[in-house]
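Thanks for coming. I will go through one model this morning, starting with the whole chain and ending with a few residues.

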Amino acid sequence: MEQAKRRGKVIYSLAILAVVQIVVFGFSLARQAGLSPPWPQAGDTFPETRIRRPSGGDALLPSGTRTVLLVFHSTCGLCEKVAPAWMAWMEEAGQSWNVQAVSSEPLGSALAFSQRHGWDMEVGVVEGSERGSRVWPFLSRTPWVFLVSGEGVILAEGHGERLEELVSQASLDANGVPF
């Protein structure tokens, strides 16, 4: 009787393991087939992206200068949490960087969010960033930070709560020397 219970648990455990492997394998195949865009990482190239601003002057990324890209969405609770910290960083250290705050939502919503948090910068929106577009992986996670070289290479990326850490990381060259 005891042996039958043990055998049943082993079979059940093996069945669960098989299902997990199938799911992981399926995601892997979908990514390889281009059905699921890979999440951008340091070393990847940021796609050429036009940022629409309320002033009418569009910005283009990559911009030719190192840029801190702050990705937010007005309905994101975590964005509400990090917005004051982003503002404090912009006032303290952000002056030495080209900082762009962008969202994938309508311009009015993005502006209301930035004004509510007292951001002293022009925000922009990226249109055509729906799921499956080339910029969707860059704008779908919020709050998120990308540090992009002037040539468009991602120097660092991560959650918005890690802004200062990411900037410090990207401010060092390969030898750990500030540049």
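**The chain as a whole**

Of the 179 residues in the protein chain, 38% count as buried, where buried means under 20% relative accessible area, exposed over 50% and partly exposed in between, with a 1.4 Å probe and protein chains only. This is a predicted model, in which local features need pLDDT of at least 70, side-chain atom pairs count only at pLDDT 80 or more, and totals for chains, interfaces and linings use all residues. Residues are numbered from 1 along each chain as its sequence is written, and side-chain values use heavy atoms, with hydrogens and water left out.

On confidence: pLDDT is the predictor's confidence in each residue, from 0 to 100. The protein chain has a mean pLDDT of 81, and 86% of its residues reach 70 or more. Over residues 173-179 the pLDDT is below 50, and this stretch has nine contacts in the model beyond near neighbours in sequence. A contact means heavy atoms within 4.5 Å.

The protein chain has five helices and seven strands. These are DSSP runs numbered from the N terminus, with helices being H or I of at least four residues and strands E of at least two. Their order from the N terminus is α-β-β-β-α-β-α-β-α-β-β-α. Among contacts between residues at least 6 apart in sequence, 62% join residues at least 24 apart.

**Helix H2**

Helix H2 covers residues 77-92. The expected span of a helix is 1.5 Å times one less than its number of residues, so the 16 residues of H2 should span 22 Å; the end C-alpha atoms are 24 Å apart, which agrees. There is a kink of about 35 degrees at Ala83, shortly before Pro84; the bend is the angle between axes fitted to the seven residues ending there and the seven starting there.

The buried residues of H2 include Val82, Trp86 and Trp89. What do the buried residues of H2 pack against? They pack against strands E3, E4 and E6 and helices H3 and H5.

**Two cysteines**

A disulfide is a covalent bond between the sulfur atoms of two cysteines. The cut-off used here is a pair of cysteine sulfur atoms within 2.5 Å, and a search of the whole structure finds zero disulfides. For Cys76, the nearest cysteine sulfur is that of Cys79, 3.1 Å away, which is too far for a bond. Cys76 counts as buried at 13% relative accessibility, and Cys79 does at 2%.

**Thr49**

Thr49 is in strand E1, residues 49-51. Is Thr49 buried or exposed? Thr49 is buried, with a relative accessible area of 4%. A polar atom of its side chain lies 2.7 Å from the backbone oxygen of Pro47. Not counting residues up to four places away in sequence, Thr49 touches Ala59, Leu60, Leu61, Val126, Arg134 and Val135.

Note on methods. Polar contact = N/O pair within 3.5 Å; in protein donor to acceptor, adjacent residues only side chain to side chain.
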